[in-house]
Every structure is written in structure tokens, then in C-alpha cells.
Amino acid sequence: MDKIKDFILVSKISFKETIKKIDKSYLVFIFVLINTIFTNNKFSFGVIGGTIGGIVHYFIGVVISCFVIQCLNSVVRFGNTGKKSLENSLGNYFGLMIETMFWVYLLEMFSDLLLMNFPAEFRVIVVIIIQVLLSSIYEQIYLNGRSGTNAIVESVNFVKNNLLHYGLYSLIFIFVEYYMSLRFAIGQPMGIGKIIACLVIALIHTLFMIFRGILFKHLNKHSYRQRKFMGWC
């Protein structure tokens with residue numbers, strides 16, 4: 001019962017703080033929207049587009065993500081929009097993001113190869129588990145200063161140690177985003193319908209990322225035993 005009570009209290013605190021910071025999150029929304037549109041539109045580079053296009057797409061995605069987490073850091077940690085620190089986005093996070101996402105890419109590629117001959121249902125379950133375990137990667141980078149394999153290991157450990165408090169919300173978001181992608185046919189060619197879909201998904205993604213960052217901040221600062229000792233539950 002204590003853990004349920006603690007889960008409710010930490011969630012309530014994080015939700016309230018998220019609501020208070022919504023008016024500061026417009027830059028996060030803008031860059032999340034750009035990233036949502038970008039990741040759902042592949043670019044062709046002719047005959048060798050498979051290789052060059054993939055590399056270019058990867059680097060541009062990392063650059064956009066740097067701006068996302070710079071703004072997230074400003075909102076979650078300091079409660080401001082991050083407008084004044086935008087110019088530091090690449091300097092602060094490009095190296096950390098490149099190193100980390102390279103290992104995430106290798107991990108996902110290895111798991112795809114390993115599961116190639118397994119039933120589709122089993123592959124889906126494994127992919128979801130990996131996504132949940134890696135769901136605190138951004139927070140490990142911009143709140144803990146981790147990168148590379150260290151960020152991956154710490155993300156797995158953090159989610160594993162906070163399955164109810166953090167893992168549950170990550171799982172819910174994965175299903176919500178998947179449902180929204182199907183509901184709004186996000187894979188369709190760009191048009192008014194797809195733009196509206198991207199707007200809706202980006203809005204949900206923004207709210208969740210801010211909530212997740214605030215939740216991570218509280219859970220990372222005080223362990224369950226510390227919260228219990230302080231009378232949180």
C-alpha cells in the first residue's frame with residue numbers, strides 16, 4: 001500500500017508541476033513538432049539514397065533532438081522557455097546525443113537481427129520492452145549528463161527500479177502514441193490530415209516529455225526509502 005500511495009503522491013506532484021510549466025513549453029512543442037514531421041518523412045538521394053539518405057536523416061534527427069532537450073532542460077529544471085539558451089543546444093548536447101543514439105541504433109539493429117525468425121507478436125513485445133527500458137535516455141542526457149552506453153545502462157537501471165512510478169507511464173505513452181499514429185494515419189503522404197495528426201501527436205508528446213522529465217527529476221533526487229523517511233508515504 002505504501003508504494004501505491006507513494007506512486008499517487010509523486011504522480012500528483014509531477015502533474016501539478018507540469019501544468020504550471022505548460023506556458024513555458026511552446027519551444028519544446030515547436031521542436032517536437034518539427035521532429036515529428038521530420039521522422040515521418042523520408043528523403044530520397046537517388047540511386048545511393050539508402051545509404052546517404054539514412055546517414056543524413058540520422059544526423060538531422062540528432063540536431064533537432066538537441067534543440068528538443070535543450071528546451072526541455074530549461075522548462076523542467078529552471079522553469080523558463082529556454083529561448084535565451086537555444087544557441088547552446090548543439091554545443092551542449094550534439095556530442096552526447098551522437099554517442100548515445102549510435103549505441104541505441106546498434107542495440108535496435110542487433111535486436112532486429114536476433115529476432116528476425118521469431119513470431120511477429122514476440123518481436124512486438126521485445127520492441128516494447130526495449131522502448132520502455134530506454135525511455136529515460138533523454139533525461140539521463142540532459143538531467144544527469146550521461147551519454148553513450150552509460151546512458152543506456154543507467155536508463156535500464158532507472159526504469160527497472162521505478163517500474164510502477166516511471167515504467168508504467170512510459171508504457172502508457174507508447175500505446176497512446178501508437179494508437180494516435182494508427183488513428184490519424186501518420187504514415188500517409190504529407191497533406192492537411194497528416195499535418196493535423198502531427199500537431200496532435202506533437203502536443204501529446206510535448207506534455208508527456210515535460211511530465212516525464214519532472215517525474216524523473218523527483219524520482220532521481222530521492223529514492224523510495226528517502227521519500228518514505230521524509231513522510232511522502
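**Helix packing and the nonpolar core**

I'll start with a helix pair: V10, S11, I13, S14, F15, E17, T18 and K21 in α1 meet L207, I210, F211, I214, L215, K217, H218 and L219 in α9. By class, the residues of this contact between α1 and α9 are nine nonpolar, four polar and three charged. Before I go on, please keep in mind that this is a predicted model.

Now the geometry of that pair. Helix α1, residues 2-21, packs with α9 at an angle of about 130°, and their axes are 9 Å apart. That angle makes α1 oblique to α9. As for handedness, α1 passes α9 in a right-handed crossing.

The second pair is α4 and α7. Helix α4 covers residues 89-114 and helix α7 covers residues 148-161; they pack at an angle of about 65°, with 7 Å between their axes. The crossing of α4 and α7 is right-handed. On the α4 side the contact is made by E99, T100, W103 and V104, and on the α7 side by G148, T149, A151 and I152. Sorted by class, the contact of α4 with α7 has four nonpolar residues, three polar and one charged.

Next, the core. Which residues of the largest nonpolar core touch the most other members? There are 50 residues in that core, and the ones in question are V68, I69, L72, M97, I137, Y138 and Y142. Helix α9, residues 192-221, supplies the largest share of this core, ten residues.

Leaving aside neighbours within four places in sequence, I69 is in contact with Y93, M97, Y138, I141 and Y142. Of these, M97, Y138 and Y142 are also on the list of residues touching the most other core members.

Is F31 buried or exposed? Its relative accessibility is 15%, so F31 counts as buried, the cut-off being under 20%. Not counting residues up to four places away in sequence, F31 touches I64, F67, V68, C71 and L86. One of these, V68, is again on the list for the core. Another, C71, lies 40 residues from F31 along the chain, and the C-alpha atoms of the two are separated by 8.7 Å.

Definitions and conventions
Residues numbered from 1 in each chain as written. Predicted model: local features only at pLDDT ≥ 70, side-chain atom pairs only at ≥ 80, totals over all residues. Heavy atoms only, no water. Core = buried A, V, L, I, M, F, W, Y, C linked by side-chain atoms within 4.5 Å. Buried < 20%, exposed > 50% of the residue type's maximum accessible area, 1.4 Å probe, protein only. Helix = DSSP H or I, 4+ residues; strand = E, 2+ residues; numbered from the N terminus. Contact = heavy atoms within 4.5 Å. Axes fitted to C-alpha atoms, helices over the stretch in contact; angles between N-to-C directions. Parallel < 35°, antiparallel > 145°, perpendicular 65-115°, else oblique. Left-handed = near helix turned anticlockwise from the far one by under 90°. Nonpolar A, V, L, I, M, F, W, Y, C, P; charged D, E, K, R; others polar.
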